[in-house]
Amino acid sequence: MTEKHLWWQTGIIYQIYPRSFQDSDGDGTGDLLGIIQRLPYLQALGVDAIWLSPIFPSPMADFGYDVADYVDIDPIFGTLHDFDALVQEAHARGLKIILDLVPNHTSDEHPWFVESRSSRDNPKRDWYIWRDPAPDGGPPNNWLSYFGGSAWEYDATTGQYYLHLFHTKQPDLNWRNPAVREAIYDAMQFWLDRGVDGFRVDVMWLLFKDADFRDNPLNPHWKEGDPHHQRYEPIHTADLPEVHEVVREMRRIMDAYGERVLIGEIYLPVPRLVTYYGSNLDEAHLPFNFQLVLLPWQARTIREAVETYEAALPAGAWPNWVLGNHDQPRIASRVGRAQARVATMLLLTLRGTPTCYYGDEIGMHNVPIPPERIVDPQGKHDPAHGRDPERTPMQWDASPQAGFTSGTPWLPVAADYRTVNVAVQESDPRSMLNLFRRLTGLRRELSALAIGSYRTVEVAAPEVFAYLREYGAQRLLVALNFSATPQRLDLSSLGHRGLVRCSTHMDREGPVALEALELRADEGLLIQIG
């Protein structure tokens, strides 16, 4: 298995939001030493790589996604020495480290932007995107910020507007400037030289904007209540052809370091998403596939999504699936805790690399945030689409603040932390946590799960999604009941008997008759055939 497939193909990626994972010093914010403290847990969980949301120096206007220095660690999280220790300790346990690279924009406090805004003739002026006001003195065009309002901010010092697709304190870099590219590539090499195993590239599909700064057209599908920035179709601010050249350049840097992985955050329809593999598979190794995050939780919808994605993949491209992240509601809140177990089996048995979000392995849900404690800039503008609820502290045990901190946590801990936590679930053989561990163990044991082929299995029950994973003589059937109603299946076309290796209810294993297969409410089964 390892001879033909790289670690990022057979492995499982686990996203940590560092502010919320483990606080080692009692200041209420998670840090690198806290992550080191929890490495034994991650090793026992059965994941292979840790992806860290940004840990670089930052004023924290967008909690690290406003970078003020690409080659250091923010004191909130620790030091470069702490980071080196994390890499060393993780590697000693067989765990990889993936960093979040934020190349689209910097903080307005980054020295580059401080210089850029100082005068129109500063050498770094063209490192960012500046435009004269419109004839009426307003913004240069109708481009909108993802955080609300215009994407243009007037700067009185030089009498021009600068572009910010996100917060006003996050000016967009000008990727048409070769010096900008070189500076970001130097930063990538800085971290690769320190042993980093890969990068997840933030908003990869947004790096280039229309050179003629044309208005975006109205979105005919937009309606009141939808996010403000979706009022216009971003044809001049997203997925421009020039992005692919830069991704190829990033990939060449990664390839020079051996088995490193380049992951792209890309929210695009599947036909556009898969172009980021590159025509010669020379761009992103894994353009993130968010369909399980975004689609309605229905068996037929998910089945069609899997089939469409598999059919769209370029020859030789490796698939991937994402179930949750720091920008989207938690899976347990989206589909309920019972179906979250089904979703976990789906994620860990589909073909390709799975990415999971910290806390989802114990069924953490979105935490209601009182208005006075909202800190997310997107949530302050639009509370209905705020991201704080899915970023709350990890629930380790029943001690005060869920074992996350000895101080006051930066976001509230969930009210149910005394019953929904790692310590409680470790001692419960049927817990969500032990389901997750069981499935990660089976991925290691069964080559068909890690690298096998995928094939949909036709079933008469519309609430059931079933598929086969096969490798050599190994045949594995996955049958998932997306409903709260028991389902009976006749799968005799696959054989007469199978062996249940895992139920999402964690209460049965052993022989089963395929011609009369019973799926209980909200149950998924992994069955070995033959």
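**Cysteines, then the sheet**

Analyst: This is a predicted model. The sulfur of Cys-356 lies 15 Å from the closest cysteine sulfur, that of Cys-502, which is too far for a bond.

User: What is a disulfide, in general terms?

Analyst: A disulfide is a covalent bond between the sulfur atoms of two cysteines. Here, a search of the whole structure finds zero disulfides.

User: Is Cys-356 buried or exposed?

Analyst: Cys-356 counts as buried because its relative accessibility is 4%, and the cut-off for buried is under 20%. Cys-502 is also buried, with a relative accessible area of 1%.

User: How should I read a sheet?

Analyst: Strands of a sheet pair through backbone hydrogen bonds, either parallel or antiparallel. In this model, six strands form an open sheet with antiparallel pairing, in the order β12-β13-β14-β19-β16-β17.

User: Which are the edge strands?

Analyst: They are β12 (453-457) and β17 (510-513), each of which pairs on one side only. Neighbouring strands of this sheet are turned against each other by 35° on average, direction ignored.

User: How many bridges join β16 and β19?

Analyst: Strand β16 (residues 497-503) and strand β19 (residues 524-529) pair in the antiparallel sense over five bridges. For Gly-498, the bridge partner in β19 is Ile-529.

User: Which helices pack on the sheet?

Analyst: Helix α12 (residues 337-349) packs on the sheet and touches β13, β14, β16 and β19; its direction makes about 155° with that of β14. Helix α15 (residues 432-445) also packs there, touching β16 and β19, and its direction makes about 130° with that of β16.

Definitions and conventions: Residues are numbered from 1 along each chain as its sequence is written. This is a predicted model: local features need pLDDT of at least 70, side-chain atom pairs count only at pLDDT 80 or more; totals for chains, interfaces and linings use all residues. Side-chain values use heavy atoms; hydrogens and water are left out. Two strands pair if DSSP finds at least two bridges between them. Helices (H or I, at least four residues) and strands (E, at least two) are DSSP runs, numbered from the N terminus. Axes are lines fitted to C-alpha atoms, for helices over the stretch in contact, and angles run from 0 to 180 degrees between N-to-C directions. Contact means heavy atoms within 4.5 Å. A disulfide is a pair of cysteine sulfur atoms within 2.5 Å. Buried means under 20% relative accessible area, exposed over 50%, partly exposed in between (1.4 Å probe, protein chains only).
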